[in-house]
Amino acid sequence: MTNPLQIDKRTAVKVSHAAILLVVSLSYLSYVFQIYHHLFWTSGLGDWIDPYFINYLLEHWSHSISTFSDPASPPMYYPVQKTLGYSHGLILYAPFYVAVRPFFHPFQAYSLSLFVVMETGILCLYLIFRKFFELSFIESLLLSVFFFTSANVINKSVGVWSQRASVFLIPPILAILLASLGRRDNPPRLILSAISGFLATLLFTHDFYSAHFALFFVVLFLVAALFVEGGPSVARRISDAWKQQTLATRVAGVGALSGAAWTCFVWKFGGGQVRVLGLKIASQDWRRPAVLALACVGVLAWLRGGRRIKVNLSAPQPWLRAFILGAIAGSIVFLWIYLPAYREHPSFPEQDLLNSLVVRDPSRWTGPFAVIRDLGAYNTLRSFKLVALLAAAAWIPWFNIDRRIRLYCLWAVVVSVVVLMIPLRVHDFSIWLMFFRHLPGFGVIRDPTRIIYLYELAVVLAAGLFLMRLRRNPVWRICVCLLLLFFIVTEHNRDVFNYGRSVAVYRRSVAAPIDIDRACQSFYIKGASDQYMSRSPNRWSLFSIDAMFVSLNDALPTLNGYSAWSPEGWNLLHPEEADYINEVRRWIGKYGLKGVCEFDIEARTMRVVTARQ
């Protein structure tokens with residue numbers, strides 16, 4: 001029989017651990033958000049450009065839910081639909097924002113929702129280490145603190161582009177998935193599996209960069225697990241299958257694989273030419289190697305016999321089927337919102353990508369340490385140092401570390417070197433330009449440095465697995481904890497978020513009552529004085545986003561808009577430009593709009609410029 005005193009003692013220990021975690025995490029986030037400063041309660045996060053736009057997107061989600069309107073079509077760029085796909089959707093921030101919005105102004109609701117997102121991610125990350133990896137309290141706490149105090153995870157840029165904090169959404173999704181794996185095949189487990197699959201693919205709708213880089217690390221982990229855990233058996237199976245083939249089937253198989261690779265290369269890179277023994281060989285049409293590959297597949301099928309070619313796949317487990325169904329549902333949402341925009345804008349301009357790469361000059365490299373310092377394009381390299389030190393120690397024979405752990409460490413070093421090189425450009429060489437941007441999904445990414453947020457999470461999760469595998473080696477576990485503590489103390493992150501959007505200015509310039517003509521069906525904003533435009537150095541975005549907020553507040557769509565992309569033929573950029581009114585008239589004529597009003601933001605009036613039908 002269980003002693004009640006022992007139960008009470010265990011409960012008290014759990015409560016004390018939870019209290020310590022909450023105090024540490026909430027104290028740090030309160031410092032970052034400056035929650036005790038009056039600016040937090042009187043101003044909005046960031047400036048009047050991108051943070052203002054992100055705040056608008058979250059307000060749009062709140063408005064869409066309360067009015068049951070189409071969430072994929074914010075009332076901007078009227079009358080174009082599905083304009084949410086022109087930028088990140090932030091759909092997973094919406095539940096947090098909607099929960100606090102009834103009690104706070106949009107600016108404070110935005111800051112508080114981001115605060116809650118981060119705290120939720122921290123708690124779920126700790127839960128993963130403590131419950132699912134079965135690490136000690138100290139180990140779980142240090143790994144969690146190492147993650148959320150990293151200058152690569154929380155920094156000033158997150159206060160400007162809060163989609164970068166989407167990495168905090170991954171621990172809750174992972175925790176739900178792991179919780180589903182720990183149960184029997186019953187309805188709660190299947191529901192959790194489906195939810196985790198749905199949220200995992202919905203992350204692409206929320207912020208494509210975070211989702212795609214997360215998928216990248218998942219693939220790297222699966223590849224490592226395949227070769228480390230099942231390497232000998234996989235190699236043996238491939239070798240046995242190869243030995244069983246005749247010479248003809250081997251030639252046909254190699255021809256099919258070579259033709260497929262050739263087809264992909266020509267289709268992606270446009271082909272090329274080489275000289276062999278003085279003979280020029282060129283290939284620019286992907287269909288020719290595709291025909292060759294199909295022909296080789298047909299020959300292979302004929303040689304082996306059509307009836308003998310079959311795939312022996314066991315049916316997926318119920319939880320996996322539920323996960324796949326949830327993932328399919330999330331993919332449908334992603335395609336519904338983003339497919340029209342992608343067809344219109346399949347990639348960003350080349351210059352946007354080039355501007356995001358960090359240029360390094362080799363002439364400044366006076367030695368190995370200078371090279372290492374100069375290659376650091378991120379805010380801190382402490383995670384790279386952690387990986388390097390653990391890997392180096394694991395390969396010292398005296399420590400007698402298991403061979404599989406050493407191979408995982410070696411793989412982590414290789415991945416770390418790749419991540420370190422991704423944002424760099426040395427003269428005309430860039431690993432991103434040369435290789436990564438040609439991979440599926442990477443071509444639409446214009447800021448490769450965003451990979452660092454997911455790398456930081458991958459490092460602490462890998463470190464947690466590392467400690468879990470060393471469960472019977474207390475000396476190693478203590479050394480890892482001391483190393484984590486050393487980096488936390490010596491490379492402390494002092495960044496805080498800034499607040500530059502005054503609530504009082506917003507209420508005066510945007511939320512104040514407007515005299516709207518009853519004939520108005522839509523509107524565009526007109527130019528204003530220098531005093532109005534002094535709020536922001538980016539004047540055209542100020543006009544556009546003010547108009548977008550007015551469209552939400554007064555339930556009237558606007559012709560103006562602001563996002564990463566814009567509709568084809570839309571050029572209503574800056575009301576102060578000489579051709580602005582002509583562009584407005586051309587847009588009205590293109591779609592035959594009626595009841596269009598001109599909005600004078602200083603006079604607070606909307607007057608019809610086109611008659612109602």
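The following conversation goes through a predicted protein model, from its overall make-up to individual residues.

Student: To begin, how many helices and strands does the protein have?

Tutor: The secondary structure of this predicted model comes to 24 helices and 10 strands.

Student: And what share of the residues is buried?

Tutor: Of the 613 residues in the protein, 47% are buried. As for contacts between residues at least 6 apart in sequence, 75% join residues at least 24 apart.

Student: Let us turn to the sheet. What is the strand order in the open sheet of four strands?

Tutor: The order is β7-β10-β9-β8, and the pairing is mixed. The edge strands, each pairing on one side only, are β7 (515-516) and β8 (522-525).

Student: Which sense does each pairing of β9 take, parallel or antiparallel?

Tutor: Strand β9 (residues 596-600) pairs with strand β10 (residues 605-608) in the antiparallel sense, over four bridges. With β8, the pairing of β9 is parallel, again over four bridges.

Student: Which residues are the bridge partners of Glu-598?

Tutor: Glu-598 of β9 is the bridge partner of Tyr-524, and in β10 the bridge partner of Glu-598 is Arg-607. Another bridge joins Phe-599 to Met-606 in β10.

Student: Which helices pack on the sheet?

Tutor: Helix α23 (residues 539-553) packs on the sheet and touches β8, β9 and β10; its direction makes about 155° with that of β8. Helix α24 (residues 580-591) also packs on the sheet, touching β8 and β9, with its direction at about 160° to that of β8.

Student: Why is β9 described as largely enclosed?

Tutor: Four of the five residues of β9 are buried, so the rest of the structure largely encloses this strand.

Student: What lies between the strands in the hairpin of β9 and β10?

Tutor: There are four residues between the strands of that hairpin, and Arg-604 takes a positive phi near 60°.

Student: Changing topic: how many aromatic pairs are there?

Tutor: A search of the whole structure finds 43 aromatic pairs. One of them is formed by Phe-208 and Phe-334, which are stacked at 6.2 Å centre to centre, with 20° between the planes.

Student: What does that pair tie together?

Tutor: Phe-208 belongs to helix α10 (residues 208-243) and Phe-334 to helix α13, so the pair ties together parts that are 126 residues apart in sequence.

Student: What about Phe-216 and Phe-217: why is that pair edge-to-face?

Tutor: Their ring centres are 5.5 Å apart and their planes stand at 65°, so the pair is edge-to-face; planes over 60 degrees apart count as such. Phe-216 and Phe-217 are both buried. Ring pairs also link them into a cluster, whose members include Phe-213, Tyr-378, Trp-432 and Tyr-455.

Student: Where is Ser-166, and is it buried or exposed?

Tutor: Ser-166 is in the loop between α7 (156-160) and α8 (170-181). Ser-166 is buried, with a relative accessible area of 0%. Its side chain reaches the backbone oxygen of Gln-163 at 2.5 Å. Leaving aside residues up to four places away in sequence, Ser-166 touches Tyr-93, His-206, Asp-207 and Ser-210.

Student: Finally, where is His-345, and why does it count as buried?

Tutor: His-345 lies in the loop between α13 (318-344) and α14 (350-356). Its relative accessibility is 15%, and buried means under 20%, so His-345 counts as buried.

Student: Which residues does His-345 touch?

Tutor: Not counting residues up to four places away in sequence, His-345 touches Tyr-86, Trp-565 and Ser-566. The side chain of His-345 reaches the backbone oxygen of Ser-566 at 2.8 Å.

Technical notes: Residues numbered from 1 in each chain as written. Predicted model: local features only at pLDDT ≥ 70, side-chain atom pairs only at ≥ 80, totals over all residues. Heavy atoms only, no water. Helix = DSSP H or I, 4+ residues; strand = E, 2+ residues; numbered from the N terminus. Buried < 20%, exposed > 50% of the residue type's maximum accessible area, 1.4 Å probe, protein only. Polar contact = N/O pair within 3.5 Å; in protein donor to acceptor, adjacent residues only side chain to side chain. Contact = heavy atoms within 4.5 Å. Pairing = 2+ DSSP bridges. Axes fitted to C-alpha atoms, helices over the stretch in contact; angles between N-to-C directions. Phe/Tyr/Trp six-rings, centres within 6.5 Å; stacked < 30°, edge-to-face > 60°.
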